[in-house]
Amino acid sequence: MLLVSIITFIALSVIPGNAALIALGTEASAASLDAVSSDLGLDQSFSSRLFSYYKGLLSLDFGTSSYFGQDVWTLILQRLPLTVSLALLSLLAAFILSMLLGCAAAIYRESFIDAFSRIIVQLSASLPSFWLSLLLLLFASRVLGFSQAGSYVSMSESIPLFLKSISLAVIVLAVGESGPLLRIVRISMIGAMEEDWFTACQVKGLSKRKAVFSYALRSALSAPVSLMGLQLAKLLGGTAIVESIFALPGLGRLFLTAVEMRDLNLVQGIVIFVSFAVVMMNLLTDLLLRVVINPLSASEDRK
Amino acid sequence: MKRTKIFFIFLIIAALLVSCGGSEETNTSSSSAAGGVNSGEKRTTVRMAVAVDPDGLDPHMSASASTFQVTSSIYETLVSVDESGNIIPSLAEDWQISPDGLTLTFDIRDGAVFSNGNICDAAAAAASFNRLISPESYRSGDYSEIESVRALDEDTLEIKFSSLNTSALSLFAYPWSAVVDVSSADSLRTVPVGSGPFMLESWIPQQKLTLVRNPHYSGGNHIERVEFVFMPDMTSQVTALQGGSVDIIQITGDLVGQFENNDAYRILALPVNGIQLMAMNTASDGLDDIRVRQAVNYAVDKESLIDAVWYGYGEEIGSHFPVVLSEYKDENGRYPYDPDKARQLLIEAGYEDGLTLDMYLPKNYQEYVNAGLVIANQLEAAGINVNVSIVEWATWLSDIYTGRNYDLTVVGHTGRLDAYSLLSRYRSTAAENYFNYDNPEFDSLLDEYTACVDEEERKEIAFRMQDILSEDVPALYIQDPIQIYVTRGDLTGFTIFPINIFKFNEVQFI
């Protein structure tokens, strides 16, 4: 995480342009540039800026955003409820869809449902999210008669309205994530059903349904769950386009603005936060896999 | 058993994560509960969609148009402007200019009070101007000719200039010259304190900024609340207006058709105080020859360019001057579209084998990128090869605008109220002169303009400067853009001004 943040720091210092120039735009003059630079602390040397940043970080002070003028940690926390709910809800939808379709496709291979699931995989991979967002937005406003954009209601005000205001974004993200998930579920289910022990179960007299749902499914879960861990980490920081189109104040859009405005503290804060989330997410998936889904292999290790 | 236990632990962790974020939200947005639309009753909340957040709410510490769109409702300037740029009273009820033109005296309105209850008298205004001209302020350069600011008594503010600037009064109309409460100076960026018609209620970045009526403001005010809803995507803005979740949006020309001939909407299409141009680096090889720059002008068909990029919403210009100002002179037609003439001039200049120029376009201004591509296409038809690079805005600012390392670039400039501040960037020594334009006659006209007291004579000098620029063409002057706003049909009083301000206290629902 430290390494990631140092790389970010260097990258932002090397790329052309700085926050002072951007703040002034085409109105910049030499005098005003100096004023803004010293206001933002950009006139200090690279090493002293780096040092003072990490000194603050040790006491969990993420600094102040140069663009918004607010505390970086507050800005991140403001966005967390939305971003976390977007990520969890869309992943949940994608998970349900791909479990149902994926299992069905694996059980009835080469059938109509299998072909349908493959179409979904293809569509999910090839539909650009911005296009799908615009399409849904127009569809909702023209056909269903409700406009979602700009009507964001935060969770603390009203939970039903909050869910309504993020529903389209959840659909778009779910479509994007369900493709890879569906493919993995289908393949691991097929894999499990081709194993020798699966045949043995049936030979032993277990019904096919029982064999599929209590044995094959469990052994096939590990790959999708690890993928979901990765997807969740990605959704926490990478939904900028969808958030921008639906005018949702999420972490991805904040990050996009921070980079555009060369807002070093804010970029750093988000990078550190997201990399922390990725590490935590991997840890959680590992734990989940070992303890909940595959306790058998875990106990075998102990013996 | 063990499994369910662990599952519950995960649930609890997830719930904690969500809820701690949620409570933080409550703290920062305490009273932003949706400005309810009470159908039937008279509406008192106006909601406007804007693309980006303000760059802080301290008018002295920002150079961003998005800031002034908001702060012009929170703070007051000494004087203001009407729709055609004439100076009208605001915080100052009246003003006098001394015979030598060096001293301006303003009579501050009686009973002006900041939104926190502090008195806004001449002393408070003087403190605010001293902050504006101090080196830390972003705009101190524009006010460097101010020698002293003094409060003569409670209502009288005296501002002395070190050199004659006949358009000095307009300096006090720009939104960045707003009078702020200096006792709150350190927190103005997020907690603005001014004497304007509205005050800040809440600002949740990238979501919504809410202003409410300032109880201490004595002027007229039809509405109670103004909400700026931040929506980066234009399609979202359009559907939001159609769905009724905002009242005012700004759109591009291609979308006008959706709202035409419909009483539910009102369309406002007016030229703004600004110009868009393709700058030419007059110090680079080839473009240092005036014949080549003329050839570029002959080679471009501005009408089809404006049609293609701005859907026809733009006023053609021939010089660096917005059509909305009173000193504007029509310079169109000096170099009409004539590709044959362009080719001939290139041959005369010694480029019969063709000429290659580098064009840089700022990536986040899609319209300038589009315009650049259309121009490049037209130049190629006339025998000029163009290498187009699309660069990030930050790179554009450092390499092209400041570094002057380019041949051609398309960009826009916001206007000012007088010819001098508008044209001084063409002075050979100016830091903003990214054209590398160097014409001693033009430099001396700039000096003459500031020293000239006679209004008619000054106008003549402004005309002459426009003539020179339109002859020398350090740029291809494209257009004065037309801004298009669409509002709900029952909303009146919303209009645009030659400087970047809104007057929401004049807006009302009928």
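These legends describe close-up views of a predicted model.

**View 1. A four-stranded open sheet in chain B.** The strands of this sheet follow the order 4-5-7-6, and their pairing is antiparallel. Strand 4 (92-97) and strand 6 (146-153) of chain B form the edges, each pairing on one side only. On average, neighbouring strands of the sheet are turned by 20° against each other, direction ignored.

**View 2. The pairing of strand 6 and strand 7 in chain B.** Strand 6 of chain B pairs with strand 7 (residues 156-161) of chain B in the antiparallel sense, over six bridges. Ala151(B) stands opposite Leu157(B), a residue of strand 7 of chain B.

**View 3. Helix 3 of chain B and the strands it lies across.** Helix 3 comprises residues 122-133 of chain B. Strand 5 (103-108), strand 6 and strand 7 of chain B are the strands that helix 3 lies across. The helix runs at about 165° to strand 6 of chain B.

**View 4. Helix 10 of chain A and what covers its buried residues.** Helix 10 (residues 208-220) of chain A has 13 residues, yet its end C-alpha atoms are only 16 Å apart. A straight helix would reach 18 Å at 1.5 Å a residue. The buried residues of helix 10 are Ala211(A), Val212(A), Ala216(A), Leu217(A) and Ala220(A). In an α-helix there are 3.6 residues a turn, so residues three or four places apart point the same way. The cover over the buried residues of helix 10 includes helix 5, helix 8 (159-194), helix 9 (196-204) and helix 11 (222-237) of chain A.

**View 5. Leu100(A) in helix 5 of chain A.** Leu100(A) belongs to helix 5 (residues 72-107) of chain A. Its relative accessible area is 61%, so Leu100(A) is exposed. Phe198(A) lies 98 residues from Leu100(A) along the chain, and the C-alpha atoms of the two are separated by 20 Å.

**View 6. Ala247(A), a loop residue with positive phi.** Ala247(A) is found in the loop between helix 12 (240-245) and helix 13 (251-260) of chain A. Its phi is near 55°, a positive value in a residue other than glycine. Ala247(A) counts as buried because its relative accessibility is 4%.

**View 7. Asn261(B), a loop residue of chain B with positive phi.** The loop that holds Asn261(B) runs between strand 11 (248-251) and strand 12 (265-271) of chain B. Phi of Asn261(B) is near 55°, which is positive although the residue is not glycine. With a relative accessibility of 83%, Asn261(B) counts as exposed.

Technical notes:
Residues numbered from 1 in each chain as written. Chains lettered and ligands numbered in written order. Predicted model: local features only at pLDDT ≥ 70, side-chain atom pairs only at ≥ 80, totals over all residues. Heavy atoms only, no water. Pairing = 2+ DSSP bridges. Helix = DSSP H or I, 4+ residues; strand = E, 2+ residues; numbered from the N terminus. Axes fitted to C-alpha atoms, helices over the stretch in contact; angles between N-to-C directions. Contact = heavy atoms within 4.5 Å. Buried < 20%, exposed > 50% of the residue type's maximum accessible area, 1.4 Å probe, protein only. Expected span 1.5 Å × (residues − 1).
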